[in-house]
Amino acid sequence: MTVSIESVEPTPAITPAGQAGAAAPAHRADSAGGGAAGSGASPGEVLRPHAEHAFAAELAALAAQDDRPRPARWRMSPWAVATYLLGGTLPDGTRITPKYVGPRRVVEVAVTTLATDRALLLLGVPGTAKTWVSEHLAAAVSGDSTLLVQGTAGTPEEAIRYGWNYARLLAHGPSRDALVPSPVMRAMAEGLTVRVEELTRVPADIQDTLITILSEKTLPVPELGEETQAVRGFNLIATANDRDRGVNELSSALRRRFNTVVLPLPETAEAEVDIVSRRVDQIGRSLDLPSVPDGVDEIRRVVTVFRELRDGVTADGRTKLKSPSGTLSTAEAISVVTGGLALAAHFGDGVLRASDVAAGVLGAVVRDPASDRVIWQEYLEAVVRERDGWKDFYRACREVSA
């Protein structure tokens, strides 16, 4: 859980160009046991705690019972990191909840990559938990998931390399005191894991600033004639989604610096229902919403609708369907169900019903009013209307679609 701590800006470990090694990192607050830095919030007030705070007890239990070899500056062994993500029961009976529901080998390859000198690229369609997995990997490996660069079309070079405190720069010229380290530079100096979200949204020339960092494990500071060298434990996790191909594709030189792990969509409907139920339950508890078990039937229907329209065929394989323009991802199903729970709590009897999720489903499916609405109406009349036990869902969807 979170408590207020004072954020300490570490001084980057900079050494004269050509010299090996790096200075010892400045003091950092222990994020694994602390709270939201600078938030001033009490433990129960943070809307979405960082992974290392929300699951601090599980991380501590794993670290205490982990007797396997740990890479330099890792909080726990690769086996324990994988157990943290996939869930399990420890020898003392402590239950570790699953953070990711999917193929075990995918997680094992991702964790093993971070234990080498190769950076990790998590690739997949929107809503396949790339950001979620990257956050929990960083929390388990380094105890700190907050070293983050958010990729956008306007991400500047300073976000990846370093910037300057211009008041000090103008007053005293280039100096260490005037240098403002990026999250990447801080991770290099302290041997931590840094995250770069939506890498393919970053302009190509900014992306390529990572090439020297990932290949030479050094970040030159030519203004000072010095460099920051990565210490053992440093690594980088980037995420990108398949739908962004063609936006700012990675250069072949940069792509070669990554091991790419593709996060798939859930293989079965039951697996997706389980994922949605777990996440909605976690979110609901933080918002004081009704418990998920009361609405599992509606969750199953939302997941069924999304999977059928996403796959272009009904679950029984008998009817081919047109797919709408949206992704209809697991993340969107979580959003629809969470919104439905809020409706049930504040304007209903607290039980999730078809009328609570119908508007959310419509909003997720009909992104393009011209084409998607036709696809949705055809699906309603040809599939939902004829499905046993779905009459209430059909009526609710017809009402909001009118």
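Q: Which residues are buried in helix 15?
A: This is a predicted model, and in its helix 15, which covers residues 372-384, the buried residues are D372, I375, W376, Y379, L380, V383 and V384. Looking down the axis of helix 15, these buried residues fall within an arc of 135°, so they line one face of the helix.

Q: And what covers those buried residues of helix 15?
A: The cover includes helix 12 (296-311), helix 14 (354-365) and helix 16 (391-401).

Q: OK, zooming out, how many helices and strands does the protein have?
A: There are 16 helices and 12 strands in the protein. Of its 402 residues, 49% count as buried, and the accessible surface comes to about 18,300 Å², with 52% of that belonging to carbon and sulfur atoms.

Q: What share of the contacts comes from residues 24 or more positions apart?
A: Taking the contacts in the protein with a separation of 6 or more, 73% of them are between residues 24 or more positions apart.

Q: What is the mean pLDDT of the protein?
A: The mean pLDDT is 88, and 88% of the residues reach 70 or more. Over residues 1-35, however, the pLDDT is below 50, although this stretch has 88 contacts in the model beyond near neighbours in sequence. Where pLDDT is low, the predicted coordinates should not be read in detail.

Q: Let's move to the strands. Is strand 11 largely enclosed or open?
A: Strand 11, residues 235-241, is largely enclosed by the rest of the structure, because 7 of its 7 residues are buried. N235, I237, T239 and N241 point one way from strand 11, while L236, A238 and A240 point the other way, and all are buried. In a regular strand the side chains alternate between the two faces of the sheet.

Q: Which strands are joined to strand 11 by bridges?
A: Strand 4 is joined to strand 11 by 5 bridges, and the two run parallel, with L121 standing opposite A238 of strand 11. Strand 8, residues 193-197, also runs parallel to strand 11 and is joined to it by 4 bridges, and here V194 has L236 in strand 11 as its bridge partner.

Q: What about strand 9 and strand 10, in which sense do they pair?
A: Strand 9, residues 218-221, pairs with strand 10 in the antiparallel sense over 4 bridges, and one of the residues to look at is V221, whose bridge partner in strand 10 is E226. The hairpin that these two strands form has 4 residues between the strands, and in this hairpin G225 takes a positive phi near 65°.

Q: Now some loops. Where does T128 sit?
A: T128 is in the loop between strand 4 (119-124) and helix 5 (130-142). Its relative accessibility is 5%, so T128 counts as buried. A polar atom of the T128 side chain lies 2.7 Å from the backbone oxygen of V125. Setting aside neighbours within four places in sequence, T128 is in contact with Y100, L263, P264 and L265.

Q: And G87, why does that one count as buried?
A: G87 counts as buried because its relative accessibility is 19%, and the cut-off for buried is under 20%. G87 belongs to the loop between helix 3 (78-86) and strand 2 (88-89), and, leaving aside neighbours within four places in sequence, G87 contacts A82, I96, T97 and P98. K99 is 12 residues from G87 in sequence, and their C-alpha atoms are 6.9 Å apart in space.

Definitions and conventions:
Residues are numbered from 1 along each chain as its sequence is written. This is a predicted model: local features need pLDDT of at least 70, side-chain atom pairs count only at pLDDT 80 or more; totals for chains, interfaces and linings use all residues. Side-chain values use heavy atoms; hydrogens and water are left out. Two strands pair if DSSP finds at least two bridges between them. Buried means under 20% relative accessible area, exposed over 50%, partly exposed in between (1.4 Å probe, protein chains only). Contact means heavy atoms within 4.5 Å. Accessible areas come from the Shrake-Rupley method with a 1.4 Å probe; for residues, only the protein chains shown count as cover. The arc is that of the directions from the helix axis to the C-beta atoms. A polar contact is a pair of N or O atoms within 3.5 Å; within protein, one must be able to donate a hydrogen and the other to accept it, and residues adjacent in sequence count only if both atoms are side-chain atoms. pLDDT is the predictor's confidence in each residue, from 0 to 100.
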